[in-house]
Structure formats: C-alpha cells, structure tokens
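This report goes through selected local features of one protein chain. The sequence and the model are shown first.

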Amino acid sequence: MPRDIPVGNGSLLVAFDADYAIRDFYFPRVGKENHSQGNPSRFGVWTREGFSWVNAREWRLTLGYLKETLVTSVRAFNERLGIQLTCNDVVDFEKNIYLRKVTVHNLKNTTRDIRLFFHQDLNIMENEVGDTAFYDAKQNCIIHYKGPRYFLVNCSAGDVWGVREYATGIKRHQGAEGTWRDAEDGMLGGNPIAQGSVDSTIGAYMEIPSLGEAVVYYWIAVGKNYGEVNGLNDILLSEKPQKIIDRTASYWRYWVNKEEFDFGNLPQDVIDLFKRSLLILPTQIDSGGAIIAANDSDIRQYAKDTYSYMWPRDGALVSYALMKAGYITMCRKFFDFCAGVIAPYNFCASVMVDDGFLLHKYNPDGSFGSSWHPWVKGDEIHVPIQEDETALVLWAIGQYYDRYRKIEEIRPLYHTFIEKAADFLVSYRDEQTGLPLPSYDLWEERRGILSFTTATVYGGLIAAANISDIFYHVEKAKTYRQAAAQIKAAIDQYLYSEEHKRFLRMIYPKKDGGFDCDATIDASLYGMFAFGVYDPHDVKVQNTMKAIEDALWVKTKIGGIARYERDSYQRVGSDDAIPGNPWIICTMWVAQYYVAIAKTPEDLERVINYLRWAVSRALPSGVLAEQINPYTGAAISVSPLTWSHAAVVQTVMDYLEKLQELHTCEQCGRSIFRYDRMGRKQGKKT
C-alpha cells in the first residue's frame, strides 16, 4: 500500500497509508529506526450511531497536502456516522514533533457526543521486546519508551488539555490484539502501565452542537530521554499547536518558492507536480546527508527488506536534480556522507585495484547496508559493487562545481573522495580493452560490462580531470583524461553493435577469451548521452533512443517506458506485448533526451506530453511510485520513490534551461526568456 502523504524534517519522518493510518515512524534518522515497522496506528470515531476506524472502505477519503507545503490536507466523510473530518498533519520543520489537527464536523441536526480515538502501535528501536507504555499523571500524557527512545503522546480538545481517557496493554501476544479493540465500545479501560509488546490508545471526548464543529489536536513528541520530550511538550502547551502548523506551512511555502522560477509555457499541473516533487524529496533525505531511496515498509512483503537505504547511484542523481533546482545544501551533505563511507582499503591482493569505491548501499548512519552481491564466485574473488555508484557521485560533484563554482566546498572533497574514486576507476579496468572490469548493473540483477556503467565511468573521470586541473594536479588530470579517452574508444569498438545499429546493454567475458553480447534494449542506454560520452544528436544515440521508445513503450492506455525487454521484477500479467511495468524514471529519461535534441520551442511539446504522463500517473497527493500497473495505472512497489520525484524535477529544469537557450535574440545573442527570475549567477562550464 503506497505511502500517500509523508511528512518529515530530516530526523523524524511519519508516513501514512491509503487508509490514513500511520504505518512508518522513523527517528532519529530518515530510514532508521522505523518504530512502527509497518504496523498501523489507527484513528477512529465513536458516536451513538456506532464506531469506525478511519479507512478507505468505510470512509470517503481524500489524501493530499495544503498547496505548496508539507502540511497534509485530509478529508474523511462517513455517511452512517454523520461525520466529516478535516485533518492536517505536520512534522515541525525543526523540532521533532508530529502534530495532527482534526476538525470534527457534526452533519446531523442535533447536539451529539462524539469521541475520537488515537492508537499508538510502536515497536521501539525496531522490535517489540521490552517496550513500556505508561500514563504520566504529572504531565497528563502517555509515554512509550525503551532505552534512549521516548515518545510522549498528548492531545487537547477545546478547553481540555492533556490525556483524560487512555488505555495501555499487550498486543500480538497470547491472543491479545491490542488496546485499539478497547476503544470500539467508546470507552477506554484506564490501565496505567504495560510492558513488553505493548500499545496504547487515547480518547478525546467532545459535545458538538447541531451542524457544528470542534477542533482536536493530537501530537507525539519524540526524543532520546524523558526531559527532551517533556520540553517539546511544553512548547506545544505554551505556543499552542496551531502555531506549529502555521509556521511549518510558512516555512515550506518559502522553501519551495525560493528560486522564483518563471515556468514559461509549462502547464499548471506540471508545475504543481514539480513543486510537490521538490517537497517530497527532503522528506526522504536524512539530515546527516544520506539520500534514502524510499521509506515504505510494505516492500518487506516482497523480500523481507526495505528500500530505506542510501544507494549512491540514486543519491547522486537526486542531488543532481536538486542542484539544478537551486537546493544545494542537501547536495553538499550527500557528498560529505559519501566521502565518509568510501572504502578505505585494498579489496584483495588478487584483484589489483586501488581503494576508493563505494559499496552496494548504506544505512543512514553510514554503516554498510544489506546486500545480495556475492564476494566470491567459485575460486574467483569479486569486488561486490555496482561501479556506476562510485562514478556517478564523482560526476555529480563535477556538475556541482560547474554550476556553482564553490571551490572552497570542493577542496576538502578532493583528497577524501575525488582522487580516491578516480584512481579506482582508472585501475579497475581490463588491460586489453580499456573498459571497466565487470560489476553489477544499475538494476542489480546481472554482472558484466554494462554500457550504462561504462558511460558513468567516463563521465566521472572527466569530472575528476577537470577538478584536478583546478588544484594543479596535472599528472592526475592527464591520467584521468587518458583513461576516459581509452574508454570512449573501447565503447565504439565493443559496446556499439553495427549489426543492431545501436548500443548493446552489456558484454561479458567468456572463459575461453572474447565476449558474449547482451543486445537487450534497456532504457538505461540513455546514459550514453546523459553523462557526456556522445552528443545527443549522434546517430548512434539517435538509433538507440528510437529503439528504446519503440520497444519499451507500454502499449496499453497507461503507457510509459519499461526498464528493459521482458522485465520480470514485480511484473503484472504475462502479456508478451508488454515489455514490463512502466517506470517513472525511465519515462523521464526519454523526455530528457527530447529536451537535449530540441532545436525549436515547438520541439519541446513532446516533452510536455511526457511530463503530463507523469502527472497522470501520480497519486492524488502528487506522490510518485517506482512502477505503475500497465493495465490500471495503480502504484506498484514503493511509494514515494525518491528517484522518481528527482527525475521529474530534473526533466522540468532541463526543459526550462533549454527553453531559455532557444529564446535567444538573433541580434544581440542574449536570452529573451529567463526561467530564473532571481538571476542567480552560474559558472561557465569547464
């Protein structure tokens, strides 16, 4: 089930499912620890007409955000109960406070007793062993804790501040379902403490006049000790909850509009998706620099693992989109994160490569994440990496410098990351061909010499050479450029197929010498122009991109570009006419190609069509999944996928930059159209 409306601040992330239940609750890092582990924390309503937990089956639900903010806008209508709820959820932009405002509308022509119930199902520090939940009579609140993790739960209803109705108890043990069952008769038992596998429920009671309304605030303050959460609770009591909502809404409105772009002729729905994508991105980025792929614990049903990791590839491409849009602080933190985790050792004596590569994926605290890449095959020791992940971070750092010329920020990265990574890319090559040695592909499914990977290595080495020039490391720059030139020549010789008139997906060495070829049409072949190996107008690129669009466009009413021919990952159906599920990122890659080759403003119309396709595939909240059902258009796999939103942001920025380039005065050579109203000075490319 997708996470329709995440809210967060870089340390605390709260994500809801389509039933408006809290399903993921991350602290102190985005992506770790998940204190709910996908178990729903419910929200219910009691009236004399009956009881109902809010869900999409019994309620008419609309999940979205207030315009240009990270404040949710949720409406829930239940005809049987005669109730409408209007809800706003926020995580304060600087304090670790989650807050919900509920406006209860009595739709009946009589005064009524209405009760709201808020359920907390926490598995603190990602397990349900040894938790405690208790009623704190001094503060009139419920506190869950274990070790250095505290969660203070409180509420206000009208003039009544603090928790008055509550229950704590055992969950999922010896037949006990949890205290949420206790709420269904409209009363809570008042048990003051429970330990072990526990949950809690609090109630807010109110009398609402005929056709009237009442407001309830509910919040969870999160910290590492009792004093910390008590202090956060005091902020709510002194400043009042509405101020938290208002200041958070104001912050995000200013944040998403800080660059004051002129969007030219882009449709409003595309602009809205661009801004929503920008806002979604920081919810998935940890304040320590880790750009997390996705935080949707439902993926555990597929592989008993999640996407709550920092893949360097995803992070590099997300940071590139952010820097193009002017959001550079998160980019720099990401680069620092990568410099802190780059492998500081020679892998093994039998593989003669320098240190300086990034491993498969990382936890948000910098520790090595789970992996399925083997370190050995038979008697051969493997370097268990996807080489494009190292190369793309190098490439992104180069793009950052080209765009902003912040030499003082690049300088400390030179010896800690740039030089190490570039030396590795030079050394990890086949002596005969000059191509990179085999590694795992960007889809993490096969090992070989990938066209995509090779293109990123080329782009990374050129970036390293340019930066080496800045710091007068002349020999290093020469070495990196020579290696890049050898790689490009080898691409022409080994990875372009005259038979197919396009690039191959990959080649892989045969035991008796030579190479076997994989000519599968793969959307990632866009990398041949995206990272500077070839001009997008080169006939080799044109033929390849045409093959991608012809073979990978999903020929149903849903449309979109699949990853590659016969893609089986979470595939829906077995229709041979459908190459695979459409992916947001792959569809945006094709759009980016059409931006790159546009020669007139009219040529960009095709790009708008692709962007509007992305709009049509978003959830009503504007959230984008990884994949789309080719028959129904429903979200598949994780949602939101950080990379999907970054791909939309990059495509819009590519479009605006090209629009500015194409609107040039023939007489003076100056741009008639400027998308950047603030006139931010950008450096000239090296």
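Pro28 is part of strand S3, which covers residues 22–29; helices (H or I, at least four residues) and strands (E, at least two) are DSSP runs, numbered from the N terminus. The model is predicted, so local features need pLDDT of at least 70, side-chain atom pairs count only at pLDDT 80 or more, and totals for chains, interfaces and linings use all residues. Residues are numbered from 1 along each chain as its sequence is written, and side-chain values use heavy atoms, with hydrogens and water left out.

The peptide bond between Phe27 and Pro28 is cis, with omega at about 5°. A cis bond also joins Lys32 and Glu33, where omega is about 5°. Glu33 belongs to strand S4 (residues 32–34). In the loop between S4 and strand S5 (43–47) sits Gln37, a residue other than glycine with a positive phi, near 50°. Ser637 is not a glycine, yet its phi is positive at about 70°. Ser637 is in the loop between strand S31 (635–636) and H15. Most residues other than glycine have a negative phi, and most peptide bonds are trans.

Is Ser637 buried or exposed? Its relative accessible area is 17%, so Ser637 is buried. The classes are buried under 20% relative accessible area, exposed over 50% and partly exposed in between, with a 1.4 Å probe and protein chains only.

## Nonpolar cores

The largest nonpolar core contains 204 residues. Such a core is a set of buried Ala, Val, Leu, Ile, Met, Phe, Trp, Tyr and Cys residues joined through side-chain atoms within 4.5 Å. The residues with the most contacts inside it are Tyr20, Leu85, Leu266, Phe335, Phe417 and Leu461. Helix H13 (residues 584–597) contributes the most to this core, giving 11 residues. Another core, of 19 residues, lies apart from it and includes Cys141, Leu152, Ala221 and Ile235. In soluble globular proteins, nonpolar side chains tend to be buried together.

Which residues does Leu461 touch? Not counting residues up to four places away in sequence, they are Ala422, Leu425, Val426, Tyr480, Ala483, Ala484 and Ile487. Contact means heavy atoms within 4.5 Å.

Glu419 lies in helix H8, residues 407–427. With 17% relative accessibility, Glu419 counts as buried. Beyond its neighbours within four places in sequence, Glu419 is in contact with residues including Lys476 and Tyr480.

Gln486 is in helix H10, residues 474–495. Gln486 counts as partly exposed because its relative accessibility is 39%. Its C-alpha atom is separated by 14 Å from that of Ala465, 21 residues apart along the chain.

Arg563 is placed in the loop between strand S28 (561–562) and strand S29 (582–583). Its relative accessibility is 2%, so Arg563 counts as buried.

The side chain of Arg563 makes a polar contact of 2.9 Å with that of Glu445 and one of 2.8 Å with that of Asp567. A polar contact is a pair of N or O atoms within 3.5 Å; within protein, one must be able to donate a hydrogen and the other to accept it, and residues adjacent in sequence count only if both atoms are side-chain atoms. Leaving aside neighbours within four places in sequence, Arg563 is in contact with Trp443, Glu445, Ile521, Asp522, Ala523, Leu552, Tyr569, Asn581, Trp583 and Cys586.

## The loop residue Pro374

Pro374 is in the loop between helix H6 (329–341) and strand S20 (376–377). Pro374 counts as partly exposed because its relative accessibility is 34%. Not counting residues up to four places away in sequence, Pro374 touches His382, Pro384 and Tyr440. The C-alpha atoms of Pro374 and Ile385 are 9.3 Å apart, with the two residues 11 residues apart along the chain.
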